[in-house]
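Reader: Please take one part of this model and go through it closely. I would like the local surroundings, then the open space beside them.

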Amino acid sequence: MTTTSRRPSTSAAWRVGDHPGRRRFVRLGAVELERGGVLPDVTLAYETWGELNAASDNAVLVEHALTGDSHVVGPAGPGHPTAGWWDGLIGPGRPIDTDRWFVVAANVLGGCQGSTGPASEAPDGRPWGSRFPFVTVRDQVRTEALLADELGVDAWRLVLGGSMGGMRVLEWAVTYPQRVRSAVVLASTAHATAEQIAWCQPQLLAIRSDPAFRGGDYYDQDTGPDTGLGIARRIAHVTYRSEIELHDRFGRAPQGGEDPLGGRGRYAVESYLDHHAGKLAGRFDANSYLVLTEAMSSHDVGRGRGGVAAALSAVTADLTVVAVDSDRLYPPRLSREIAEAVPGARLVTVHSDYGHDGFLIEVDQVGAILSGVLAVPA
């Protein structure tokens, strides 16, 4: 199934344009990158909930995953193509109670929901496109540290996130130990594994092989590489769920009245993947998908620090590592590896039939963990 094409230059839902929604924007100036070079005039989009107290010691940073953004909670609407991706955790009386905590979430560097990324204007007035530099998780965290400076946050009471967000949590704890009091890493890893990199490669190739990709410079064209992005999403989404969930939910059922036995119809599970492919192509930029996926593959907290164990042994934050028992993309052994390397770290397992996405879906279990972490004086 081919996803719907769009006009990237004018109507793509991922372009913030005249509808910033709840986002705020901060210009951080030039940022030096780990792999060399400087990205000029960086902007980060972010959202906040609650108020920073006089002591500036009640700030919580929430890190989004690959296709997330700063809109952690709240309805869809102008400027926000989807409702909050972690609704139920943040707000008055919620596990992260905004009557007490000042909560911040930023769209990551390289993203497409208001922060500087490939679709942003380069100094010559044209979109960066293929010229956007390679960024790493450390570069992303560096920009978040600059955002914290702008907000007057010397140290976070808690930094939390899952999947790609968990990678940034670990980088915060390793790079800026004095600025992180406690941290929660959900369904993530200290380093991208060979299998994770292997799953990413066909996704990258799917986008780059789409004729509409045009080497990454498609913003002035009528259509972008939606077909390739949709294929990438289908591949990724299978890794986000568990075999048992897909079996119990879909089995071998055909989709509606379609005939998959020689009738060119689809199985129900194929329709499910088509649906998610189309949704992503309407709200996310393919170039950002490439940039962020390659940043994830580059993730290794031990790079240049004597290895993973050496890097994690220096963490001083109160660390809670959360595994999802059915996660096949970031299996529990990777969470255990983190917890065993950090002195005093706790390992907690969330039970879920949903696989990797369990960290997003099992809100009650995750909320209880977060409430416990925030109840302990830092």
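Author: Arg-241 sits in the loop between H4 and helix H5 (243-250). Helices here are DSSP runs (H or I, at least four residues) and strands likewise (E, at least two), numbered from the N terminus. The model is predicted: local features need pLDDT of at least 70, side-chain atom pairs count only at pLDDT 80 or more, and totals for chains, interfaces and linings use all residues. Residues are numbered from 1 along each chain as its sequence is written, and side-chain values use heavy atoms, with hydrogens and water left out.

Arg-241 has a relative accessible area of 9%, so it counts as buried (under 20% relative accessible area; exposed is over 50%, partly exposed in between; 1.4 Å probe, protein chains only). Leaving aside neighbours within four places in sequence, Arg-241 is in contact with Leu-246, Arg-249, Tyr-272, Arg-328, Tyr-354, Gly-355, Asp-357 and Ile-361. Contact means heavy atoms within 4.5 Å.

Now H4 itself. It runs over 226-240. Its 15 residues should span 21 Å at 1.5 Å a residue, where the expected span is 1.5 Å times one less than the number of residues. The end C-alpha atoms of H4 are 20 Å apart, which agrees. H4 is mostly covered, with 11 of its 15 residues buried. Among them are Asp-226, Arg-233, Arg-234, His-237 and Tyr-240. The buried residues of H4 pack against H3, H6 and H7.

Next, the open space. The largest pocket holds about 830 Å³. On a 1 Å grid over the protein atoms alone, a pocket is an open set of points with protein on both sides within 12 Å along at least five of seven lines; a 1.4 Å probe fits at the points of a cavity but cannot get out; lining residues have an atom within 4 Å of a point. Grid points are joined across faces, edges and corners, and a volume is the space filled by probe spheres set on the points.

The largest pocket is lined by 40 residues. Nearest its centre lie Thr-67, Arg-233, Arg-283, Asp-357 and Leu-360. Arg-233 is one of the buried residues of H4, and Asp-357 is one of the contacts of Arg-241. H4 supplies at least two lining residues, as do H3 (194-209), H6 (268-283), H7 (286-298) and H10 (358-361). By class, the lining has 20 nonpolar, 13 polar and seven charged residues. Nonpolar covers Ala, Val, Leu, Ile, Met, Phe, Trp, Tyr, Cys and Pro; charged covers Asp, Glu, Lys and Arg; the others, Gly among them, are polar.
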